[in-house]
Amino acid sequence: MCRRKGVFKADSNIIFFGAAASFLIFFGGNLTDAFFAGITGLIIAFPWYGKISFPLFSINLIDAFVTSIASFLPSVLSINIQNDKIIIGAIMILVPGLTVVNAIRDMMSLDLLAGLIELITAVMSVLAIALGVAGGLLIFSEL
């Protein structure tokens, strides 16, 4: 979303903050958790990579890992939050829903090769998100 040239940085920050907070509220969090989920959404929106071009797998892996780590920072500061809901609310931004819909549409229109390639791309993105979150959870599992 924010990686397009036509979207202003302030607008994309508001969108990422609002999307992460809204997903958290949707999944049963409270307003304190929604604030911290919005902050982790802003961390996702921040361009960590500069001018280096990474594949989509690596971008999703790094974003999910950083999101998982950032969701535990308020609890390290002794703020009572629900870490699992913050992680869910923030990583919903990364989930490739439109890619799956386009893959199914391509397969329904008998363009099977393009549909399968898009579906594999979506599955790889979901795998990267899962590995990134698991890495962050492994780091903070001893705390």
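Author: Let us begin with one position in this predicted model. Gly28 is located in the loop that joins helix 1 (9–26) to helix 2 (31–45).

Reader: Is Gly28 buried, exposed or partly exposed, and why?

Author: A residue is called partly exposed when its relative accessible area falls between the limits of under 20% for buried and over 50% for exposed. Gly28 has a relative accessibility of 45%, and therefore counts as partly exposed.

Reader: Which residues does Gly28 touch, leaving aside those up to four places away in sequence?

Author: Contact here means heavy atoms within 4.5 Å. With those sequence neighbours set aside, Gly28 touches Gln82 and Lys85. Gly28 and Lys85 are separated by 57 residues in sequence, yet their C-alpha atoms lie 7.7 Å apart.

Reader: What share of the contacts in the protein joins residues 24 or more positions apart?

Author: Among contacts with a separation of 6 or more, such pairs account for 64%.

Reader: Which secondary structure elements does the protein contain?

Author: There are six helices and zero strands; from the N terminus, the order reads α-α-α-α-α-α.

Reader: How does the radius of gyration of the protein agree with that of a compact globule?

Author: A compact globule of 143 residues would have a radius of gyration near 15 Å; the protein has 16 Å, which agrees. Its C-alpha trace spans about 55 × 35 × 35 Å along the principal axes.

Reader: What can be said of burial and surface?

Author: Of the 143 residues, 34% count as buried. The protein exposes about 8,600 Å², of which carbon and sulfur atoms supply 74%.

Conventions. Residues are numbered from 1 along each chain as its sequence is written. This is a predicted model: local features need pLDDT of at least 70, side-chain atom pairs count only at pLDDT 80 or more; totals for chains, interfaces and linings use all residues. Side-chain values use heavy atoms; hydrogens and water are left out. Helices (H or I, at least four residues) and strands (E, at least two) are DSSP runs, numbered from the N terminus. The radius of gyration is taken over C-alpha atoms; the globule rule is 2.2 Å times the number of residues to the power 0.38. Buried means under 20% relative accessible area, exposed over 50%, partly exposed in between (1.4 Å probe, protein chains only). Accessible areas come from the Shrake-Rupley method with a 1.4 Å probe; for residues, only the protein chains shown count as cover.
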